[in-house]
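Hi everyone, thanks for coming. Please have the sequence and the 3D view open while I talk, and stop me whenever you like.

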Amino acid sequence: MSLLSIFATAILPVVAVAGASYLLGRFRDVDPGALNTVTVYVLAPALVVYSFATTPFPAATLARVVVAVTAFSAAMIAVAESVGRLQGQTEPLLGAFVLVVAFPNVGNFGIPLSEFAFGATGRSTAILVTALQGVLLYTVGVYIAARGDDGSPLSSMKRVFSIPLVYAVVGTLAARWLGVVPPESSAAMQTIEMLGNASIPVMLLILGIRLSNVRVDETVRRVGVASVAKLAVAPLVGVGIALAVGFRDPVVARTFVLLAAAPTAVTPVILVGAFSGESDGLSAGQFVSTSVLVTTLGSVVTVTLLVALLQSGAIV
């Protein structure tokens with residue numbers, strides 16, 4: 001496939017839907033909070049349940065994905081910590097820098113992109129990665145965001161137990177192991193499928209609205225290093241980990257690498273707003289929000305090139 005056709009089939013649908021809500025957010029006062037709540041507590045769990053219930057994932061593949069996500073996050077946190085400290089970053093901007101570099105947008109950007117690029121297996125892999133990264137974000141991510149504040153970050157980690165995605169993963173895997181998953185033709189599974197399918201466009205709408213609230217000014221110059229690390233270094237780390245882990249299914253491996261190359265996640269914006277301390281000049285929230293915008297725009301080029309390489313089998 002040519003780069004233009006790859007962009008048209010895998011990237012353009014994501015950009016178009018997010019772009020429409022971006023324009024809506026620029027011209028109308030739209031609060032994405034309600035959409036975000038519905039997605040987190042209803043739509044995304046339904047997507048997880050249906051995908052995990054109907055897509056066969058061998059236990060060995062599940063184990064490899066867990067290892068790969070954990071190793072990738074640890075490696076990128078180490079890279080970001082090293083680069084940030086060499087730059088002379090201090091808290092809370094150092095924590096913001098680490099969150100920007102270490103955690104890609106595997107949810108409302110990665111899931112639709114993986115589905116367009118690699119079909120049902122790509123979507124299921126992205127859902128699993130999203131659930132695993134969610135656990136890391138609300139544990140390790142909370143600690144990173146809050147370590148420069150006066151409060152105790154450990155006391156905030158209990159929020160991980162309020163994430164429905166985690167329970168959806170565990171519950172569905174248990175149901176499959178016990179053999180009690182309803183048939184796909186049942187009314188229950190059809191209802192869950194309908195809700196899950198709605199989550200993809202809603203995720204993109206939320207992404208566009210949140211990006212429309214970013215105010216671009218001199219902060220763009222301050223996020224250059226973080227953006228390069230996110231868009232250039234992270235994919236290389238993803239390739240290395242995918243090869244080291246040795247995925248048996250090449251589609252799972254390629255989806256993992258694609259997710260590693262996704263732009264900065266939106267969740268860190270919430271984390272630094274809730275847990276990060278105050279700073280003089282540029283705030284941690286401004287740094288993360290601008291990084292989300294810059295890396296999302298930059299990923300249109302980098303991800304298109306990466307999809308071409310992955311679909312051709314040139315890597316992994």
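Let's begin with the aromatic rings: F72, F247 and F256 form one aromatic cluster. Please keep in mind that this is a predicted model. Three aromatic pairs are counted here. One of them joins F72 and F256, an edge-to-face pair with the ring centres 6.2 Å apart and 85 degrees between the planes. Where do these two residues sit? F72 belongs to helix α3, while F256 belongs to helix α10, residues 250-260, so their pair ties together parts that lie 184 residues apart in sequence. Now for F247 and F256: the ring centres are 5.9 Å apart and the planes stand at 45 degrees, so we call this pair tilted.

Staying with buried residues, let's turn to helix α4, residues 93-102. How many of its ten residues are buried? Ten of the ten, so this helix is largely enclosed by the rest of the structure. You can find them in your sequence: L93, L94, G95, A96, F97, V98, L99, V100, V101 and A102. And what covers them? The cover includes α3, α5, α8, α9, α11 and α12.

Next, a pair of helices. Take α2, residues 33-54, and α6, residues 164-178: they pack at an angle of about 25 degrees, and their axes are 9 Å apart. Angles under 35 degrees count as roughly parallel, so that is how we describe α2 relative to α6. Their crossing is right-handed. On the α2 side the contact is made by V40, Y41, A44, P45, V48, V49, F52 and A53, and on the α6 side by P164, L165, A168, V169, T172, L173 and R176. Sorted by class, this contact has 13 nonpolar residues, one polar and one charged.

Finally, look at V30, in the loop between α1 and α2. Its relative accessibility is 24%, so V30 counts as partly exposed. Setting aside neighbours within four places in sequence, V30 is in contact with L24 and I209. And if you follow the chain from V30 to L47, 17 residues apart, you will find 25 Å between their C-alpha atoms.

That's my tour, and I'm happy to take questions.

Conventions: Residues numbered from 1 in each chain as written. Predicted model: local features only at pLDDT ≥ 70, side-chain atom pairs only at ≥ 80, totals over all residues. Heavy atoms only, no water. Axes fitted to C-alpha atoms, helices over the stretch in contact; angles between N-to-C directions. Helix = DSSP H or I, 4+ residues; strand = E, 2+ residues; numbered from the N terminus. Parallel < 35°, antiparallel > 145°, perpendicular 65-115°, else oblique. Left-handed = near helix turned anticlockwise from the far one by under 90°. Contact = heavy atoms within 4.5 Å. Nonpolar A, V, L, I, M, F, W, Y, C, P; charged D, E, K, R; others polar. Buried < 20%, exposed > 50% of the residue type's maximum accessible area, 1.4 Å probe, protein only. Phe/Tyr/Trp six-rings, centres within 6.5 Å; stacked < 30°, edge-to-face > 60°.
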